[in-house]
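This briefing is arranged by topic and is meant to be read with the coordinates open.

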Amino acid sequence: MSTIKDVAKLAGVSYTTVSHVLNETRPVSPEARERVLRAVEDLAYVPSALARSLKSKVTGSIGLIIPNNTNPYFSELARGIEDSCYEAGYSVILCNSDDDPDKQRDYLQVLMTKRCDGLIIATLTQTDLKPSSRLDVPTVLLDRAPKELDTDLVSTDNVLGGELAARHLLELQRRRIACIAGPSGLALSDERVQGLSRTLRQGGASLAEGDLLHADFSSTGGYQAAMQLLRREGRPDAIFCCNDMMAIGVLRAAGELQIEVPGQLSVVGFDDIELAQFVHPPLTTVAQNTRRLGNLTAQLLLERIADPALPARRETMAPQLQIRGSTAPFPNSRK
């Protein structure tokens with residue numbers, strides 16, 4: 001790879017003259033300028049982005065840390081963030097933490113070393129950051145992050161999402177309702193369960209201890225949990241899952257056990273990933289509008305980069321219920 005000194009040697013000028021031509025920092029004679037530009041073209045020289053950033057203190061890059069981009073929710077979220085950042089002239093560096101605190105910490109260090117202009121972090125389930133601390137780089141946290149940190153945060157009203165699912169199932173005369181939640185202790189999952197449980201109690205139903213299982217937000221985790229619920233005596237007539245991937249696993253389990261969905265079993269997910277409308281039957285789900293969530297997150301970060309002195313902000317988006325074919329009234333509905 002050619003260097004600025006190679007360009008200077010070929011053009012017969014000093015490397016500072018090359019720098020002045022490329023950065024337009026000082027007038028250079030037309031003849032010398034022409035020789036420099038010709039040498040740049042002949043050598044296919046690309047100026048160092050790091051060198052430019054050291055001078056301007058701007059790299060034009062955004063760091064994004066998510067748990068796992070093989071999960072459609074996070075890949076769709078990342079796309080919304082990338083689209084907005086690209087329109088604003090920024091490139092996005094994507095990192096997967098796999099919910100590993102050590103890996104997350106390593107990636108944070110890498111992104112700081114690369115002098116990213118801002119960070120978006122969606123995985124701070126565990127952190128060594130103190131509640132009152134702020135990162136030295138403009139940062140926006142997403143749903144999974146601890147809400148006590150004094151940092152910009154974009155989230156979904158997870159309690160409302162659980163309430164929407166419960167109301168829908170109660171209206172369908174479902175009463176034996178089970179729930180497959182995310183990993184134990186994860187705040188956003190606990191909030192969805194909280195909204196579900198409270199609304200069920202208000203509607204004269206309840207979520208028994210044995211009707212609440214935890215899984216890892218994967219379709220395999222949802223499938224395994226559903227097998228436990230559906231093979232037992234007194235199986236549920238509805239299952240609410242705290243994300244769509246687990247709900248898709250429930251549909252697979254029901255199919256293998258020859259349990260009709262939605263007649264014998266209604267299933268509700270959470271997220272409304274694109275795949276939700278193409279499974280059979282199409283999945284009823286609590287929709288987050290993932291692209292819009294990504295756009296909003298990017299917008300907050302760009303505003304934070306423009307004005308680091310802004311007070312910490314909290315933006316909460318209200319989810320909506322998207323009714324499809326995986327839910328229906330209980331046969332011979334109870335009165």
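The points below go from the sheet to the helices, the salt bridges and the backbone geometry.

The model is a predicted one, in which local features need pLDDT of at least 70, side-chain atom pairs count only at pLDDT 80 or more, and totals for chains, interfaces and linings use all residues. Residues are numbered from 1 along each chain as its sequence is written, and side-chain values use heavy atoms, with hydrogens and water left out.

**The sheet**

- An open sheet is formed by 6 strands in the order β2-β1-β3-β4-β5-β11, and the pairing is parallel; helices (H or I, at least four residues) and strands (E, at least two) are DSSP runs numbered from the N terminus, and two strands pair if DSSP finds at least two bridges between them.
- The edges are held by β2 (91-96) and β11 (314-317), each of which has a single partner strand, so that one side of each is left without a neighbour in the sheet.
- From one strand to the next the twist averages 15°, where axes are lines fitted to C-alpha atoms, for helices over the stretch in contact, and angles run from 0 to 180 degrees between N-to-C directions.
- Strand β3 (residues 118-121) pairs with strand β4 (residues 139-142) in the parallel sense over 3 bridges, and Ile121 stands opposite Leu141 in β4.
- Helix α5 packs on this sheet and touches β1, β2, β3 and β4, its direction making about 170° with that of β1; contact means heavy atoms within 4.5 Å.
- Helix α6 (residues 101-113) also packs on the sheet, where it touches β1, β2 and β3, and its direction makes about 180° with that of β1.

**Ser61 in strand β1**

- Ser61 belongs to strand β1 (residues 61-66) and is buried, with a relative accessible area of 10%; buried means under 20% relative accessible area, exposed over 50%, and partly exposed in between (1.4 Å probe, protein chains only).
- When its neighbours within four places in sequence are left aside, Ser61 is in contact with Tyr90, Ser91, Ile93, Cys116, Asp117 and Gly118.

**Packing of helices α2 and α3**

- The axes of helix α2 (residues 15-23) and helix α3 (residues 30-43) come within 10 Å and cross at roughly 85°.
- The two helices α2 and α3 are therefore roughly perpendicular to each other, given that angles under 35 degrees count as roughly parallel, over 145 as roughly antiparallel, 65 to 115 as roughly perpendicular and the rest as oblique.
- Val18, Val21 and Leu22 in α2 meet Arg33, Val36, Leu37 and Val40 in α3.
- By class, this contact of α2 with α3 has 6 nonpolar, no polar and 1 charged residues, where Ala, Val, Leu, Ile, Met, Phe, Trp, Tyr, Cys and Pro count as nonpolar, Asp, Glu, Lys and Arg as charged, and the others, Gly among them, as polar.

**Salt bridges**

- The count comes to 13 salt bridges, a salt bridge being a side-chain nitrogen of Lys or Arg within 4 Å of a carboxyl oxygen of Asp or Glu.
- Glu34 forms a salt bridge with Arg38, with the closest N and O atoms 3.6 Å apart, and because the two are 4 residues apart in helix α3, Glu34 and Arg38 are separated by about one helical turn.
- Arg79 and Asp83 meet through their side chains in a salt bridge (2.9 Å, N to O); Arg79 is partly exposed at a relative accessible area of 42%, and Asp83 is partly exposed at 26%.
- Arg252 forms a salt bridge with Glu256 at 2.7 Å between the closest N and O atoms; Arg252 counts as exposed at 54% relative accessibility, whereas Glu256 counts as partly exposed at 39%.
- Salt bridges that share partners also join Asp152, Glu303, Arg304 and Arg313 into one network.

**Backbone geometry**

- Most residues other than glycine have a negative phi, and most peptide bonds are trans.
- A cis peptide bond joins Val261 and Pro262, with omega about 15°, and Pro262 is found in the loop between α10 and β9 (266-271).
- Another cis peptide bond joins His280 and Pro281, with omega about -10°, and Pro281 lies in the loop between β9 and β10 (284-287).
- Gln258, which is not a glycine, has a positive phi of about 55°; Gln258 is placed in the loop between α10 and β9 and is exposed, with a relative accessible area of 72%.
- Asp271, also a residue other than glycine, has a positive phi near 135°; Asp271 is placed in strand β9 and counts as buried at 4% relative accessibility.
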